[in-house]
Every structure is written in structure tokens, then in C-alpha cells.
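Hi,

As promised, I am passing this one over to you. Could you take a look at it below and then read through my notes?

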Amino acid sequence: MLTRIAEALERLSPPPPPPPDLGAADGFIWQAHSGHLQPVDDIDSIPIDLLRGIDDQKERLLTNTRIFALGHRANNVLLWGARGTGKSSLIKAVFGAVNAKRAKKKRLALIEIQREDIATLPNLLQCLGATTRRCILFCDDLSFSAADRHYKSLKSVLDGGIKGRPNHILFYATSNLRHLTPHEDDRLNSPLAPVDQTDEQISLSDRFGLWIGFHTLDQEAYLEIVTGYAEAYGLTIQPEKIRSECLEWARTRGAVSGRVAWQYIQFLAGRLKKPLLVPPAS
């Protein structure tokens with residue numbers, strides 16, 4: 001009788017997900033509901049040479065990623081600052097630049113996890129536990145509300161607990177907030193004293209060994225980005241015209257940023273009926 005009951009329960013329970021095949025691609029998306037990694041054949045990125053106005057940020061992230069790719073210990077990274085300044089673009093561009101110089105079997109894997117799935121990070125790490133391929137976990141636009149306690153899952157992952165963080169896994173995140181957690185105004189609704197609330201906020205971002213700040217662009221940096229894109233993609237119009245057009249484009253958006261520059265370039269390419277095809281950076 002017990003044997004028949006056990007067999008019936010086994011038939012009712014879903015089979016465990018197969019182990020991830022990290023050789024299927026260089027990019028993956030974590031599917032938290034099913035517990036598997038969806039391969040991404042073509043990662044949406046641009047050559048790193050086209051990212052202008054963030055040379056210091058570029059060099060710091062490149063150095064950290066190269067060290068990691070060589071098999072050494074490196075830091076988890078938080079890229080924080082003004083919106084549209086190239087934080088997520090830089091992560092993907094650095095990943096592509098580092099992998100371009102490595103043999104296929106020694107390339108890094110980039111695994112994207114949605115911020116609403118942060119609570120499943122321990123499941124993802126367990127999924128990757130049997131692999132040896134070096135992986136960068138990437139979460140874009142990461143932040144937590146005052147009522148959201150999922151950041152505790154992230155804290156334990158970044159620290160590694162008593163087992164320690166796996167040497168073959170890093171966590172890269174972007175955020176508009178330096179400390180990822182509630183603003184000053186949210187302290188009114190917090191059961192913690194103000195000093196304790198501040199410590200709680202800072203304790204999460206402190207888990208990232210490397211902070212890289214991004215700040216609002218000035219007009220000249222914006223124009224440099226637009227010009228660099230136009231030259232790389234062969235979008236030839238009069239310099240005076242592209243200057244006036246892209247500045248007007250920025251005025252209608254109320255900001256100058258790398259994102260606004262890229263949106264203008266897409267508009268210009270469409271008007272000129274030219275594809276945005278660029279050879280990989282050397």
C-alpha cells in the first residue's frame with residue numbers, strides 16, 4: 001500500500017528541471033517560474049568604443065570583468081546614478097568586449113534576472129552550483145520599496161552565508177538609487193529608528209565591492225555621443241544640421257543623455273533608410 005501511494009505521488013509531482021546547458025549560448029534569461037535558463041542567441045549590445053563620456057566608468061568595469069574572466073576573485077558591482085546614462089549598456093558592452101578576446105570554451109556567461117525575481121536568487125545559485133563556467137548575474141534597474149523585504153535574499157547571496165559566495169559567479173546591478181532601498185521620506189513608515197533605518201539602507205549597497213557612479217551629461221558630451229554614433233553608422237548629414245536636430249530632440253525630451261542620443265540616432269537612421277549595422281569593436 002505504501003509503495004503504491006509513493007508511486008502515485010511521484011506521478012503527480014512535476015519532474016525536476018534538467019540541469020542548465022550553459023554551453024548553449026553566452027546569454028541567458030532566468031525563468032523563475034519554471035526554474036530554467038532561457039538561452040539568448042544574440043545579446044542586444046553595442047560596441048564598447050561607441051560608449052562616450054564614461055571613460056572612467058568603462059575602464060573600472062572592464063578591469064573588474066577581465067580579472068574575473070581570468071579566473072581570479074573580483075567584486076560584485078553596483079552601477080548607480082542618473083537615468084539614461086549608459087549603465088546597462090556598459091555592462092553588456094563590457095561583457096561583449098571581454099568575450100570577444102576569449103576562446104569559446106573560456107567565455108563568460110551573462111544571466112539576466114528580473115528585479116521581481118530577486119527572491120529566487122538562491123534557486124538560481126543552486127541551479128548554477130554544478131557548473132564551472134564563470135557567470136555574471138545581471139539585474140537592471142534594481143531597487144526596493146519600503147515594504148519589500150526581498151532585498152534580504154540579495155544580501156545573503158552577496159555575502160554568501162556560511163558557505164561563501166561561489167568563485168565562478170558575480171552579480172552586476174544597475175540602479176538610479178545609490179543605496180537601492182527606501183528614500184528618507186519612507187522612514188516615517190519604518191519601525192526602525194532613523195539611525196537604524198540608515199544602517200539598513202547602506203548595509204545592502206555595502207555588499208557590492210565596487211560602486212560606479214554615473215552623472216547627468218552636459219551638452220558637449222551629448223553632442224560627442226551623437227556624433228560618434230552618426231560616424232560609426234554612416235549617417236552622413238551636415239554637421240550643423242545634426243547638431244541642431246539632436247539638440248531640438250533633447251529639448252523635446254527634457255534631458256540630454258546617452259539614451260536620448262541613441263533614440264535620436266534610431267530616428268535619423270530610419271529617416272535616411274539606413275540599417276544600424278556596426279562591425280564589432282576590435
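**What turned up**

Let me begin with R115: with a relative accessibility of 38%, R115 counts as partly exposed (partly exposed lies between buried, under 20% relative accessible area, and exposed, over 50%, with a 1.4 Å probe and protein chains only). Please keep in mind that this is a predicted model, where local features need pLDDT of at least 70 and side-chain atom pairs count only at pLDDT 80 or more, while totals for chains, interfaces and linings use all residues. Residues are numbered from 1 along each chain as its sequence is written, and side-chain values use heavy atoms, with hydrogens and water left out.

**Salt bridges**

R115 has a partner: its side chain meets that of D141 in a salt bridge, at 3.9 Å from N to O (the term needs a side-chain nitrogen of Lys or Arg within 4 Å of a carboxyl oxygen of Asp or Glu). Because R115 sits in the loop between β4 (109–112) and α4, and D141 in the loop between β5 and α5, this pair ties together parts that are 26 residues apart in sequence. Helices here are DSSP runs of H or I with at least four residues, strands are runs of E with at least two, and both are numbered from the N terminus.

D141 is partly exposed, at 35% relative accessibility, and it has a positive phi of about 60 degrees although it is not a glycine. K273 is another residue other than glycine with a positive phi, near 60 degrees. K273 lies in the segment after α9 (258–272) and is exposed, at 74% relative accessibility.

How many salt bridges does the structure hold? There are 6. One of them joins the side chains of D26 and R133, with 2.6 Å from N to O. This pair links distant parts of the chain, 107 residues apart: D26 is in the loop between α1 and β1 (27–31), and R133 is in the loop between α4 (121–128) and β5 (135–139). D26 is partly exposed, at 21% relative accessibility, whereas R133 is buried, with a relative accessible area of 15%. D26 and R133 also belong to a network of salt bridges together with R107.

Because R251 and E248 are 3 residues apart in helix α8 (residues 239–253), about one helical turn separates them. R251 is exposed, with a relative accessible area of 57%, and E248 is partly exposed, at 40%.

**The cavity**

On the inside, the structure holds 1 cavity of 30 Å³ or more. A cavity is a set of points, on a 1 Å grid over the protein atoms alone, where a 1.4 Å probe fits but cannot get out, and lining residues have an atom within 4 Å of a point. The largest cavity has a volume of about 50 Å³, where volume is the space filled by probe spheres set on the points.

Which residues line the largest cavity? They are N76, L125, L137, V157, L158, R165, P166, I169, L170 and F171. Two elements, α5 (151–159) and β6 (169–175), each supply at least two residues of this lining, and β6 gives the largest share, 3 residues. By type, the lining has 8 nonpolar, 1 polar and 1 charged residue (Ala, Val, Leu, Ile, Met, Phe, Trp, Tyr, Cys and Pro count as nonpolar, Asp, Glu, Lys and Arg as charged, and the others, Gly among them, as polar).

R73 is placed in the loop between α2 (55–69) and β3 (77–81) and is exposed, at 53% relative accessibility.

Last, M1, L2 and I5 make a nonpolar surface patch of about 370 Å². Patches are made of residues with over 30% relative accessible area and no salt bridge; like charges are joined within 9 Å, and nonpolar side chains (Val, Leu, Ile, Met, Phe, Trp, Tyr) within 5 Å. The areas come from the Shrake-Rupley method with a 1.4 Å probe, and for residues only the protein chains shown count as cover. I5 lies in helix α1 (residues 2–12) and is partly exposed, with a relative accessible area of 43%.

Notes. 1 Å grid on protein atoms, 1.4 Å probe; cavity = no way out; pocket = protein on both sides within 12 Å on 5 of 7 lines; lining within 4 Å.
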